[in-house]
Amino acid sequence: MSGSGGDPQCESNSSKRRRQDNETPLERFDRKHLSVTDLSRQAWCEQQVVYGLELPHIQQQRDDAPVVRAGSSIHLARELEIQDIVPINIESREDSWAVKLLNFLSMIQFLQAGERVRELPVFGEVEGIFLVGVIDELCYSSSGELELRELKTRAQPTFPSAAQRKSHHLQVSESGEIHSKRIHFTPTYSSQAYRLQLGHSAHRVYSTIQSWLISASKSHFPAFSP
């Protein structure tokens, strides 16, 4: 004779699945925003993106791989060719976003003066999703056109596959669109919208920026790094 009560564990799992079915991916994984890389990786392997969200330690292992670290070192060396880096002690999420905002504002000034910039942070809303990315290099051509350049390193001396080229194209396109929206900033999408989406306290971000400006006053072309 079977009991009338169901298995509490099964009921709990069923309730969790129903809740997840009604959540957006951002809500399910408790994300306030996505990176441009999150989108471009889907063109390469959607399942890899899912594993990275569900099992963050697996993605961390990938990021710690020697080939990835070597690529990061190359990017850093290229950045140091044209700009100084000022170390910053990061103590909060607001500090982290203050770094992004301050780097963006300082680099735009040099870009408008005709200089090239590298590792330019970009962030903004695209089709209702808040995206964050980094442009490897941005400069104006001799004809006055804005050129976005993306550096890709490879472990082997071979050309990227078609799927990888598609992923790279998507990454450059999204980064360019975000930058364009930041430059042509509209009053309808105010800084308040950023604070609401990212959960930051504006006065903490701006006060942090003000205190850091003093430390960079002697640098020709400062870039802040956590």
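Glu150 is partly exposed, at 23% relative accessibility. Buried means under 20% relative accessible area, exposed means over 50%, and partly exposed lies in between (1.4 Å probe, protein chains only). Glu150 forms a salt bridge with Lys152, and their closest N and O atoms are 3.6 Å apart. Lys152 is also partly exposed, at 35% relative accessibility.

This is a predicted model: local features need pLDDT of at least 70, side-chain atom pairs count only at pLDDT 80 or more, and totals for chains, interfaces and linings use all residues. Residues are numbered from 1 along each chain as its sequence is written, and side-chain values use heavy atoms, with hydrogens and water left out.

**Salt bridges**

- The structure holds 9 salt bridges. Each is a side-chain nitrogen of Lys or Arg within 4 Å of a carboxyl oxygen of Asp or Glu.
- Glu54 and Arg28 form one of them, with the closest N and O atoms 3.2 Å apart. This pair links distant parts of the chain: Glu54 is in helix H4 (residues 46-54) and Arg28 in helix H2 (residues 25-28), 26 residues apart. Helices (H or I, at least four residues) and strands (E, at least two) are DSSP runs, numbered from the N terminus.
- Glu54 is partly exposed, with a relative accessible area of 39%. Arg28 is partly exposed, with a relative accessible area of 39%.
- Arg118 and Glu137 meet through their side chains in a salt bridge (2.8 Å, N to O). Arg118 lies in strand S3 and Glu137 in strand S4, so the pair ties together parts that are 19 residues apart in sequence.
- Arg118 counts as buried, at 9% relative accessibility. Glu137 is buried, with a relative accessible area of 3%.
- A network of salt bridges links Arg78, Glu81, Arg116, Arg118, Glu137, Glu147 and Arg149.

**Aromatic rings**

- The structure holds 3 aromatic pairs. Rings of Phe, Tyr and Trp (its six-membered ring) pair if their centres lie within 6.5 Å; planes under 30 degrees apart count as stacked, over 60 as edge-to-face and the rest as tilted.
- Trp97 and Phe123 form an edge-to-face pair, 5.5 Å centre to centre with 85° between the planes. Trp97 lies in helix H7 (residues 93-112) and Phe123 in strand S3 (residues 117-126), so this pair ties together parts 26 residues apart in sequence. Both Trp97 and Phe123 are buried.
- Trp97 also pairs with Phe130: the ring centres are 6.1 Å apart and the planes stand at 65°, so this pair is edge-to-face. It links distant parts of the chain, with Trp97 in helix H7 and Phe130 in strand S4 (residues 129-140), 33 residues apart. Phe130 is buried, as is Trp97.
- One aromatic cluster is formed by Trp97, Phe104, Phe123 and Phe130.
- Lys100 lies over the face of Trp97, 5.0 Å from the ring centre. A charge sits over a ring if NZ of Lys or CZ of Arg is within 6 Å of the ring centre and within 35 degrees of the ring normal.

**Nonpolar surface patch**

- Tyr51, Leu55 and Ile58 make a nonpolar surface patch of about 250 Å². Patches are made of residues with over 30% relative accessible area and no salt bridge: like charges are joined within 9 Å, nonpolar side chains (Val, Leu, Ile, Met, Phe, Trp, Tyr) within 5 Å. Accessible areas come from the Shrake-Rupley method with a 1.4 Å probe; for residues, only the protein chains shown count as cover.
- Ile58 lies in helix H5 (residues 56-63). Ile58 is partly exposed, with a relative accessible area of 37%.
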